[in-house]
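The following dialogue is meant for a student who is learning to connect a structural term with the value behind it.

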Amino acid sequence: MTRLHRLVGFLGAVVLGLTTVAVTAPAQAGRHTWPRGQVTYFDATKDKGAVAAAAAMWNDSGVKVHFRKIGNRRKADILIRNTHNVPMGCGSGYATVGYLGGRQGYVNILHGSAKDGQICAWPGQTLVMAHELGHVLGLNHTDRRCSIMNTSHTNGVAPTGCLGDDLGRPGRWWCRGPAQKDLAVLQKMYGGKAKPVRADPWCDAVPRIPASGPVTAVIDEYGGGLTLALSRAPEPALPAWLPEWGFGAPGYEVHVTPGACSATQGEDSTTVVDANVWTVPVGGVETVTTYAELPPGVSCVTVWQFDRAANYALAPATTLVTYTPEPLVRLAQPWADAASQPAQRLNGVRPAVVRFDR
Ligand SMILES: [Zn+2]
């Protein structure tokens, strides 16, 4: 490794993190790749869960790279530590880029806590750490597509280029980590065979409501009116770091499905008959009168609670109703009003966009 390469690698992280032109070509042409893709690290941080999760994202990628934790601080290829000398503050870090020819590289990241706000909480720390480890492997920034190497993340929820217009995901985070294209770039540098990334990029960052509260339903004689008694199950407390921009009021969504209990949460094109916010406290019973054009026979009423962060309960509550038309009476036309009023879940505050590093 020449002095020039080492200098480029070093500057790439600390000075040229944003302007990738100077480092993109040499690093991604393979000149800064780690021998056999092996990198040992010493974790001196308080973010050990985030470090381990981020290392696993790369280690499990199928590409021939491997981060291995060791207990000897001086012998480690990479020193990972918390430092206050992170220019962008909470939710950011910086790292050396690529193999440094035997010199010890590093990742610096600010340690977060609940007091720091959500951008320093573990989902954001994991994203930042995965990003910095991407630098360590020799990857540079890109903002042309969704990438763990985007220059910024949004509220510690997802790389900004991955979040797109979908801002309503507090309580969830972009656990996919590296994008498929990131792995393709890395595969060219190190070999191996990139695995398909997980299909659902989102994971829960906070507990869901385990199950929606029980429901009872009474059908009126015309088969169009339903009187529902919805019990409000407790919602897990949301941590202080969860972004305020996604908070709304908790509520419920009611579906009516002919024949069987096959409704899907959030699928509002055909079967949602009511969606609203609670007017009763936890443990209370909300009485709702709604309308659904029921066919004769059995229908399923399905209720999904959702929390302040607009995440649905893990399980719905269901009850069956049976509509038996009176054969000799000419019925008035039942109301066909879908009565679907999606709850207003966002309070309109803009999310904070934070750079991973500079
Ligand atoms: Zn970066």
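Q: Why does Arg36 count as exposed?

A: The model is a predicted one, and every value here is computed from it. Arg36 has 11 C-beta neighbours inside 10 Å, so it counts as exposed. Arg36 lies in the loop between α2 (21-31) and β1.

Q: Is Asn155 buried or exposed, and how do you know?

A: The cut-off for a buried residue is 20 or more other C-beta atoms within 10 Å. Asn155 has 28 C-beta neighbours inside 10 Å, and therefore it counts as buried. Asn155 is found in the loop between β6 (152-154) and β7 (158-159).

Q: What share of the residues in the chain is buried?

A: Of the 358 residues in the chain, 44% are buried. The chain has six helices and 17 strands.

Q: What makes α4 largely enclosed by the rest of the structure?

A: Of the 16 residues of α4, 15 are buried, and for that reason the helix is described as largely enclosed by the rest of the structure.

Q: Why is Gly124 called buried?

A: Gly124 has 30 other C-beta atoms within 10 Å. The criterion for a buried residue is 20 or more, so Gly124 is buried. The C-alpha atom of Gly124 is separated by 8.7 Å from that of Ser92, although these two residues are 32 residues apart along the chain.

Q: What share of the contacts in the chain with a separation of 6 or more comes from residues 24 or more positions apart?

A: Such residues account for 76% of those contacts.

Q: Which residues have the most contacts inside the largest nonpolar core?

A: They are Leu133 and Val301, in a core of 77 residues. The largest share of this core, seven residues, comes from α4. The core also draws at least three residues from each of domain 1 (3-205) and domain 2 (215-323).

Q: Which residues are in contact with Val301, leaving aside its neighbours within four places in sequence?

A: Two residues are in contact if their C-beta atoms lie within 7 Å. By this criterion, the partners of Val301 include Val215, Ala217, Leu226, Leu228, Val254 and Val256. Thr318, Thr319 and Val321 are also in contact with Val301.

Q: How do you know that β12 and β15 pair?

A: Two strands pair if at least two bridges are found between them. Eight bridges join β12 (residues 251-258) to β15 (residues 297-306), and the two strands run antiparallel. Val256 stands opposite Val301 in β15, and Glu253 has Trp304 of β15 as its bridge partner. On the basis of the burial count, β15 is largely enclosed by the rest of the structure, because eight of its 10 residues are buried.

Q: What joins β15 to β16?

A: Seven bridges join these strands, which run antiparallel. Within β16, Thr319 is the bridge partner of Val301.

Q: How many bridges join β1 to β3?

A: Three bridges join β1 (residues 38-43) to β3 (residues 78-82), and these strands run parallel. The bridge partner of Tyr41 in β3 is Ile78. β3 also pairs with β5 (residues 105-109) in the parallel sense, over five bridges. There, Leu79 stands opposite Tyr106 in β5.

Notes
Residues numbered from 1 in each chain as written. Predicted model: local features only at pLDDT ≥ 70, side-chain atom pairs only at ≥ 80, totals over all residues. Helix = DSSP H or I, 4+ residues; strand = E, 2+ residues; numbered from the N terminus. Buried ≥ 20, exposed ≤ 12 C-beta atoms within 10 Å, placed from the backbone. Core = buried A, V, L, I, M, F, W, Y, C linked by C-beta atoms within 7 Å. Domains from an automatic or database assignment.
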